[in-house]
Structures are given as structure tokens and as C-alpha cells.
Amino acid sequence: MKIQLWREKLDPYAQAVSELVIKLDNTRTEYRRKGIYCPIESVSGRVKEIPSILDKMIRKNISFDTLEAEMEDIAGIRVICQFIEDIPAAVEIIRKRTDIEVVQVKDYLNTKKESGYRSFHLVVRYTVNTMEGPKELPVEIQIRTMAMDTWATSEHFLQYKYKGGLPANVREKMAALSRATDQLDEEMMNVRRDIMDAEINSLLEINLVRDIVTEIENLYRVQNEREAMKIQNEFYRIYKLHDMNELQRFHDELDILSEDNRSQTVNFDSEPRKFEWHV
């Protein structure tokens, strides 16, 4: 097989990974923009390295011609969640997508591997558009918690180091770490409500501040600079209080002022409204 054929073979997989990472990350961004808790904490992807592909081809007796049909994890997406309970919700988000088809489920959450590995895998079919036309490819999506991902990444590098198999003492350490990872995920669930409340409040504050800053920028165009500066200083004063109720009140009053100024644009002789803040 000519070396250049590897690049031709793997380029569509790289395209699939790039597109799916962007799409799933946009889903996460959309949730956050709306101030809604998202079960997806982060998304990353990779195309399997050629040495890993070759090793698996030899181990599984796979030919180059049947590679696409017999190796489903050349393209891999990793979805990280904060909590175990987020994993089913993340799976549901992926299942509902119309641009992919779930063809296989591998549940290593309820049936942990002997090594201690835990994760939830979906094998999906995804179509990329290439110069030769549309190409449907298998993609493996791994969904796991941050603790599971730390363990799995460590185990992966150890497997690479000890290609002949992990020594008994290393296996015992990894098994112990797997049990500790399970316990950590359980403890994280116990503080889930407090963490989620803090994250949702943070998202709401970010969205409020973003809207306020945009409105103040617009006011500089329609108000005289002195009035706009007064409003800006009031915003800084309220922000320092770290009081969401006060910040929301300021946002609502600013909305009224902005709407009033927008309505006055139909009459170019109208004076911009001076707004009295309720302090």
C-alpha cells in the first residue's frame, strides 16, 4: 500500500471529527447562552494515529480495503460531563441529532471492563461532503465524567508503555484508582445541586452583563456622553455588590430606557429620554 493512500483514507475522518466537535460544542454554547445547564462540559476529538491503526489491523486481521467497514473508532469524539447523571442526558442530545445515526451502543458504565475502564460509547454514522461526493463514515463517541477521563487517559499511556501487558503491580494500582474514581463521582453527585446552582447563577450573570454592556454601548450613540457615563458608573456600582436581584433590576430599567430611545428614533427632533435610576 502506498504511503500517500493513508492521507487520502484519513482526511475524511479528520473532516468528520472537526465538524462534529464544532456542532456539539455549539450545542453546549447554545445552552449556556440561554442560561440553561448543559450536561456536556467539553468536547474534543481525534483521528486514530497510523501506528495504532496498524496495530489494530494486525491484531484483528483487518485489511486496508475493509478498514472503513471493520474499524469503527478511527474517528473518535470525546464528550466530558461533570456528573454521572449527565451522561444519559448527553446521550439523548446526540441521539436526537438528525445528521447522525446511532448504530451501536457500548455501555461500560453499568458493565465496567475488567481493567476498571468506565465510559459510555456510541458508534454513529456521519456523512461528510468531499470532492468525490458524500462519504458516510463510522465515528465512535465516548461519553464519560472528568474523573473517568483522567483514569482512562492514564491507563491508555500505561498500555502504550507496557505493550506486552501491564505488570501485576500496575494493574492493581489502576484497579484501586478505578474504585477511587467511582467514589469521587459518587461524592460529586452529593454536591451536584450546589454546583449546578452556582453554575446557573454564573451563566445568568454573564448573560445579564453581556446585555447590559451592549445596551450601554448603544446609549453612547443616542444619549449625550455625560448621561451615558452616569449610567455606566451606576452599572459598575451595582456590579460590585454581587447582588443578582439588583443586577436584574438594573437590566430591566436599562431595557425600558433603551426601548424608549429606540421608539424616539422615528422622530429625529425628539430629545433622548433622561432616566432617573432608583437607588
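**Figure 1. Contact between helices α7 and α8 in a predicted model.** Glu205, Val209, Ile212, Val213, Ile216, Leu219 and Tyr220 of α7 meet Glu225, Ala228, Met229, Ile231, Gln232, Phe235 and Tyr239 of α8; contact means heavy atoms within 4.5 Å. By class, eleven nonpolar, one polar and two charged residues make up this contact. Ala, Val, Leu, Ile, Met, Phe, Trp, Tyr, Cys and Pro count as nonpolar, Asp, Glu, Lys and Arg as charged, and the others, Gly among them, as polar. The model is predicted: local features need pLDDT of at least 70 and side-chain atom pairs count only at pLDDT 80 or more, while totals for chains, interfaces and linings use all residues. Residues are numbered from 1 along each chain as its sequence is written, and side-chain values use heavy atoms, with hydrogens and water left out.

**Figure 2. Packing geometry of α7 and α8.** Helix α7 spans residues 192-222 and helix α8 residues 225-241; helices (H or I, at least four residues) and strands (E, at least two) are DSSP runs numbered from the N terminus. The two pack at an angle of about 165°, and their axes are 9 Å apart. Axes are lines fitted to C-alpha atoms, for helices over the stretch in contact, and angles run from 0 to 180 degrees between N-to-C directions. The angle therefore makes α7 roughly antiparallel to α8 (under 35 degrees counts as roughly parallel, over 145 as roughly antiparallel, 65 to 115 as roughly perpendicular and the rest as oblique). The crossing of α7 past α8 is left-handed, that is, the near helix is turned anticlockwise from the far one by less than a right angle.

**Figure 3. The largest pocket.** Its volume is about 1,500 Å³. On a 1 Å grid over the protein atoms alone, a pocket is an open set of points with protein on both sides within 12 Å along at least five of seven lines, a cavity is a set where a 1.4 Å probe fits but cannot get out, and lining residues have an atom within 4 Å of a point. Grid points are joined across faces, edges and corners, and a volume is the space filled by probe spheres set on the points. Of the 38 lining residues, Arg46, Lys48, Asp73, Glu155 and His156 lie nearest the centre of the pocket. Helix α5 gives the most to this lining, with seven residues. By class, the lining has ten nonpolar, eleven polar and 17 charged residues.

**Figure 4. The largest cavity.** The volume of this cavity is about 30 Å³. Gly116, Tyr117, Arg118, Met148, Trp151, Ser178, Thr181 and Asp182 line it. Helix α6 supplies the largest share of the lining, three residues.
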